[in-house]
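Me: Please take a close look at one part of the chain shown here. I would like to know how it sits against the rest.

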Amino acid sequence: MSDGNHFALLYSYTDDDPENSATVVVLRFLDERSPSPFRVLHEAVDTGSWIHTLREGGFGTYAEALQWCDDTLSGEAPPLPPVQSAVRSAQRPANSLPAAGRSR
C-alpha cells in the first residue's frame, strides 16, 4: 500500500457514536508548491436523517491541521479554512470550444 499520486495519509479518526458520528482525516498534498499542503476532510453524519456532510479545509502546517481535528472532536472548532489553490497557467481546457471566427 502506498500514498498514491496526490496525497499521503497522515492521521485519521472515526467516531461511531450514533449521536455524534464523524470522521476526520489529515492528508499531505505531495506537490511541494501547494499553498495549502495539509488538507483536512471532515465527514459528519446525521444518523436520524442519514445525511452525510463532507467538508475540506486547507492548512499551512500539520500542527494547525491536527489542532483543528482535536478542536472539532471536542466540539469547539471554527469552520474549516478554505483550500488555497496554486496559481495555474491560463490554458484552455481540452473540451472547450474554439474561439469564434477561427477555422480548424
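Reply: Of the 104 residues in the protein chain, 25% are buried (under 20% relative accessible area, 1.4 Å probe, protein chains only). The model is predicted, with local features needing pLDDT of at least 70 and side-chain atom pairs pLDDT 80 or more, while totals for chains, interfaces and linings use all residues. Residues are numbered from 1 along each chain, and side-chain values use heavy atoms, without hydrogens or water.

The chain holds four strands and one helix, in the order β-β-β-β-α (DSSP runs, numbered from the N terminus: H or I of at least four residues for helices, E of at least two for strands). The part to look at is helix 1, residues 62–73. Its 12 residues should span 16 Å at 1.5 Å a residue, and the 17 Å between its end C-alpha atoms agrees with this (expected span: 1.5 Å times one less than the number of residues).

Ala65, Trp68, Cys69 and Thr72 are the buried residues of helix 1. They lie on the same side of the helix, because their arc around the axis is only 100 degrees (taken from the directions from the axis to the C-beta atoms). Strands 1 (7–15), 2, 3 and 4 (51–59) are what these buried residues pack against.

The largest nonpolar core has nine residues: Val24, Val26, Phe38, Val40, Phe59, Ala65, Trp68, Cys69 and Leu80 (buried Ala, Val, Leu, Ile, Met, Phe, Trp, Tyr and Cys, joined through side-chain atoms within 4.5 Å). Helix 1 gives the largest share, three residues. From strand 2 (21–29), Val26 is in contact with Tyr62, Ala65 and Cys69, among others (heavy atoms within 4.5 Å). After helix 1 comes Gly75, with a positive phi near 85 degrees.

Conventions
Buried < 20%, exposed > 50% of the residue type's maximum accessible area, 1.4 Å probe, protein only. Lists of a residue's contacts leave out its neighbours within four places in sequence.
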